[in-house]
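Me: I am new to this structure. Please take me through it by question and answer.

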Amino acid sequence: MEENILKIFALSVTRYFDTVAEGGATLAPPYLGADGEALGLGFSAVIGITGAYRGNIYYTAPRRKLHALLPHLGETAADDRLCASLVGEIANTISGNAREHLGRGFMISTPFILEGSDIAVRTTKDIPCYILPITWQGHPSRVLVSLQKSPDTP
Amino acid sequence: MKLLIVDDSLIMRRAIERCVSTHRFEEIRVAINGRQAVEEFARFRPDLVTMDITMPEMDGLTAVELILKTNPRAIILVVSALADKATAVEAIKRGASGFLLKPITIESIQEALEDAIAP
């Protein structure tokens, strides 16, 4: 996968926190995930990618981080239903925003929500999974980028 | 005035509803996909619609087209994370009154709604 793609997702994540949470998100250098590594942090959302690319984009965050973020969206209550919806919306937004650079051929699905910390990512030789660690107000979260150009994409 | 909020995301529907709470909308209803939006539009006859694009069952751009077929004067503001220019152009071509990119802020949604309903 091109390094450029990871930069695009780093930009999308930064834009999200700048807009919604008045900034403060810091990104650590991305690294390659190991096959079967448990990468979930509590609430995860997966976006399926088709078209010019194939693969998945994940956003995963712990409940405490999501509870801290919810008031920035005007929420006063913090329940699991809202946490699940929030990870889905973040995954959708950062994936959709990436089309600014990747174009309309980067087709995204609606988010699929997973709960639990034992979510493992299966990497293959063909589609490696890069992890972008994010810290916001001391809370960790991750974007997982597992993408490959489709065979018929120039 | 009546507003229909169309988005498959609970958190976005609630956020948009809160953003417009100080506005002049007397009644607000929601739909969670394009198909529901088309049905709800026919029943509710809103003055304004906010429409997400990426949704299950029927996407927002198809819903925009179907709503405008039955009511060419419908005012529909597309609110989407899809940031490529081609999608925004497509939304306007299909008849949307405006396009607002997610993530949104209170200011951005209020401004976009004002623009959409301005005579």
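Me: How is α3(A) oriented to α1(B): parallel, antiparallel, perpendicular or oblique?
Reply: The model is predicted: local features need pLDDT of at least 70, side-chain atom pairs count only at pLDDT 80 or more, and totals for chains, interfaces and linings use all residues. Residues are numbered from 1 along each chain as its sequence is written, with chains lettered from A and ligands numbered from 1 in the order in which they are written. The axes (lines fitted to C-alpha atoms, for helices over the stretch in contact; angles run from 0 to 180 degrees between N-to-C directions) of α3(A), residues 80–97, and α1(B) come within 7 Å and cross at roughly 95°. Because 65 to 115 degrees counts as such, α3(A) is roughly perpendicular to α1(B).

Me: Which residues of α1(B) make the contact with α3(A)?
Reply: Contact requires C-beta atoms, placed from the backbone, to lie within 7 Å. From α3(A) come A:R81, A:L82, A:S85, A:L86 and A:E89. From α1(B) come B:L10, B:I11 and B:M12.

Me: Which strands stand at the edges of the sheet in chain B?
Reply: Strands are DSSP runs of E, at least two residues, and helices are runs of H or I, at least four, numbered from the N terminus. The open sheet has five strands in the order β2-β1-β3-β4-β5, with parallel pairing (at least two DSSP bridges between two strands). Each edge strand has a single partner, so one side is left without a neighbour in the sheet; these are β2 (27–31) and β5 (98–101).

Me: What is the bridge partner of B:S80 in β5(B)?
Reply: β4(B), residues 76–80, and β5(B) pair in the parallel sense over four bridges. The partner of B:S80 is B:L101.

Methods. Parallel < 35°, antiparallel > 145°, perpendicular 65-115°, else oblique. Contact = placed C-beta atoms within 7 Å.
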